Amino acid sequence: MFSVIIISGFALCGMYLLFRYLVKQSKYPSGLIGIIMMRLWNKAYLPMVKWSLTQSSQKNVKRIVDVGVGNGLSTLYLGAIF
């Protein structure tokens, strides 16, 4: 019983440390994990950017504002469109 408690404690501690590491990587991506996170962000955010452009009733837009979510791929896409 005592060994189960110790193993559970180590597992919780490991999960907490992993969570903190991933939060840090989301703020300041670096290394392999940072590259993977950036690719995930591109897969999540770029389709939303494309979808949001289809929802606009204005078709003759000359200026846009990019609020800077992600790693710049949406900015490149918007720059190519406008």
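The following dialogue explains how several terms apply to this predicted model.

Visitor: Why is Leu12 called exposed?

Guide: Leu12, which lies in helix α1, has a relative accessible area of 58%. Exposed means over 50%, buried under 20%, and partly exposed in between (1.4 Å probe, protein chains only), so Leu12 counts as exposed.

Visitor: What makes Leu22 partly exposed?

Guide: Leu22 is found in helix α1. Its relative accessibility is 36%, and therefore Leu22 is classed as partly exposed.

Visitor: Which residues make the nonpolar surface patch?

Guide: Leu18, Tyr21, Leu22, Leu32, Ile33, Ile36 and Leu40 form this patch of about 640 Å². The elements that give two or more residues to it are α1 (2-27) and α2 (31-54), and α2 gives the most, with 4 residues.

Visitor: Why are α2 and α3 called roughly parallel?

Guide: Helix α3 comprises residues 73-81, and α2 packs against it at an angle of about 30°, with the axes 9 Å apart. Angles under 35 degrees count as roughly parallel, over 145 as roughly antiparallel, 65 to 115 as roughly perpendicular and the rest as oblique, so α2 is roughly parallel to α3.

Visitor: On what do these values rest?

Guide: Residues are numbered from 1 along each chain as its sequence is written, and side-chain values use heavy atoms, with hydrogens and water left out. In this predicted model, local features need pLDDT of at least 70 and side-chain atom pairs count only at pLDDT 80 or more, while totals for chains, interfaces and linings use all residues.

Technical notes. Patch = residues over 30% accessible without salt bridge, like charges linked within 9 Å, V, L, I, M, F, W, Y side chains within 5 Å. Areas by Shrake-Rupley, 256 points an atom, 1.4 Å probe, with all protein chains shown as cover. Salt bridge = Lys/Arg side-chain N within 4 Å of Asp/Glu carboxyl O. Axes fitted to C-alpha atoms, helices over the stretch in contact; angles between N-to-C directions.
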